[in-house]
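Reader: I would like to learn how to read a structure of this kind. Please take me through some of its features one at a time.

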Amino acid sequence: MDHPLPDRPARRAARARPLLAPALALALLGAGCTGGVHGTPGAAGLRDPYFPGLGNGGYDVTHYGLTLDVDPAADRLRGTARITARATQDLSAFHLDLFGLDVERATVEGRPAAVNRAGKELTLRPAAEVEERLREGRTFTAVVRYAGSPRTVTDAEGEEEGWLRTADGAVALGEPTGSMAWFPGNHHPSDKAAYDVEITVPEGLTAVSNGELVSRRTVDGRAVHRWRTAEPMASHLATVAVGRFRTRQSVTADGIRLFTAVDPASAVASEEVLDRIPAVLAWSAKKFGPYPFRSAGAVVERKGDSSYALETQNRPVFPGPPGIRLLVHELAHQWFGNSVTPAAWRDVWLNEGFATYAEWLWAADHEGAPVEESFAAAYADDRNWAFPPAGPPAAVDLFDPPVYGRGAMVVHRVRLAVDDDRAFFALVRGWTKAHRHGNASTGDFTAYVEEKTGRDLTELWDAWLYGTSRPPAD
Ligand code: TRP
Ligand code: ZN
């Protein structure tokens, strides 16, 4: 049989191509595309309504290898960030978030990349010969060398984050936007990654980070510390603390490795509360499910070194000796916030509501204060009713009382709706298990609760989670 027609257009096209090629090639060069790869630049932000420029589109980081040299006396940081990422589109260029600090050099796939800085956006354009290695689905590596005097960021709340100078060193706090002050990255909670952090400091100082201490040695009179975080971590939970710490290591009965670092000025007053970490972890695991990480601990700074505590992964940072309730709160965040991480900043009540509820549960089990009492106190507090927890009006409100107190009230109303404590705590453990090492949104939470209870809880969500006015207590 003869099929002349289908062949003809193809042959015609084949003949035509050489004639068109020079013009086409010129047009593509003009658009920045060469070698037949038609990538486009990744987005400069992830359109988080609270921080539209935060994070970047077009790739997903799988690993950060940070090599840092910190000299607190000179107020200098020198760093190399080795970023391994998977392209989620064909990329011709991509962004990283970086605040302050000077970029000295960048490579992508081992070749020098063109670097552009505009505010907090660092753009890398890979060399043409490696662009095909940034096609959708492929894993690539970018290396950025940078240095400078790292900046302290004043966040929307007026709180200081980023790189903070302490009495004897420095500490990095990243929630919600501070981590871009000490390393370039995809700084949005939705992109979690593993980390290897190597920090070199003058001898006599200790450098603490997240995860496990892999090694500590002295090289040319400088102390080199290597830390590894194997479980996924959101970048706002990454930390480095440099100072004259007293450190302690041990292992809990459950096999969790503990590392605490305490400023000598806080040492005596911290001892008793830090000794309770294994008991708090064991109590929390009964309520919330298995502890999600292989190591835990704390960093205790000196009063005034920062104005708030932060649930940095594995090892929360405290500005001075914490009370037991603050310890319970920050350790609860290891489940709520760190293992189950908000999909976007709007969902931060899933962190603070549960961490506050953990305090209520602790008070009920250890301080003779029934949860109903904590609920009633929160309910009576006008500050908790300024806005619904699922919808802070602006970035300045993200850590306001409704996110904490009213967030905890939402959790308690779910408990009342379930009306069976065994079923309620099974639901909570199921939640942390379902999203372990992942991200979750408010919609994921309400859908999960409705699915597990088999009930339509629209009224509960409308009244307690989304409503603008104080609903009747019963
Ligand atoms: N998430 C921290 C906690 O509750 C507190 C926190 C982090 C915070 N960043 C903030 C509070 C900015 C106010 C402003 O443990
Ligand atoms: Zn908190």
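**Reading the model**

Author: Asp-75 lies in the loop between strand S2 (59–71) and strand S3 (76–87). Helices (H or I, at least four residues) and strands (E, at least two) are DSSP runs, numbered from the N terminus. This is a predicted model, in which local features need pLDDT of at least 70, side-chain atom pairs count only at pLDDT 80 or more, and totals for chains, interfaces and linings use all residues. Residues are numbered from 1 along each chain as its sequence is written, chains are lettered from A and ligands numbered from 1 in the order in which they are written, and side-chain values use heavy atoms, with hydrogens and water left out.

Reader: What is the mean pLDDT of the protein?

Author: pLDDT is the predictor's confidence in each residue, from 0 to 100. The protein has a mean of 93, and 92% of its residues reach 70 or more. Over residues 1–35 the value is below 50, and beyond near neighbours in sequence this stretch has eight contacts in the model; a contact means heavy atoms within 4.5 Å. Where pLDDT is low, the predicted coordinates should not be read in detail.

Reader: Where is Asp-419, and what is its phi?

Author: Asp-419 sits in the loop between helix H7 (401–418) and helix H8 (421–434). Its phi is near 60°, a positive value in a residue other than glycine. Asp-419 counts as exposed, at 66% relative accessibility.

Reader: Next, the metal. Which residues coordinate the zinc ion (ligand 2)?

Author: Donors are N, O and S atoms within 2.8 Å of the metal (3.2 Å for Na, K and Ca); water is not among the atoms, so sites may look incomplete. Here the zinc ion is coordinated by His-329 (NE2), His-333 (NE2) and Glu-352 (OE), at 1.9 to 2.0 Å. Along the sequence these donor residues follow the spacing H-x3-H-x18-E.

Reader: Which residues come nearest to ligand 1?

Author: A residue is near a molecule or strand if one of its heavy atoms lies within 4 Å of it. Of the 14 residues around ligand 1, Glu-175, Glu-311, Glu-330, Glu-352 and Tyr-404 come nearest. For polar contacts, look for a pair of N or O atoms within 3.5 Å; within protein, one must be able to donate a hydrogen and the other to accept it, and residues adjacent in sequence count only if both atoms are side-chain atoms. A nitrogen atom of ligand 1 is 2.6 Å from an N or O atom in the side chain of Glu-175, and a nitrogen atom of the ligand is 2.9 Å from an N or O atom in the side chain of Glu-352. An oxygen atom of ligand 1 lies 3.3 Å from a polar side-chain atom of His-329. Taken alone, ligand 1 exposes 370 Å², and the protein buries 92% of that; accessible areas come from the Shrake-Rupley method with a 1.4 Å probe, and for residues only the protein chains shown count as cover.

Reader: What kind of peptide bond joins Glu-175 and Pro-176?

Author: The bond is cis, with omega about 0°. Pro-176 is placed in the loop between S12 and strand S13 (193–202).

Reader: Which side chain pairs with Lys-287 in a polar contact?

Author: The partner is Asp-365, at 2.9 Å. Lys-287 belongs to helix H3 (residues 277–288) and is buried, with a relative accessible area of 15%. Apart from residues up to four places away in sequence, Lys-287 touches Leu-361, Asp-365, Phe-425, Val-428 and Arg-429.

Notes: Buried means under 20% relative accessible area, exposed over 50%, partly exposed in between (1.4 Å probe, protein chains only).
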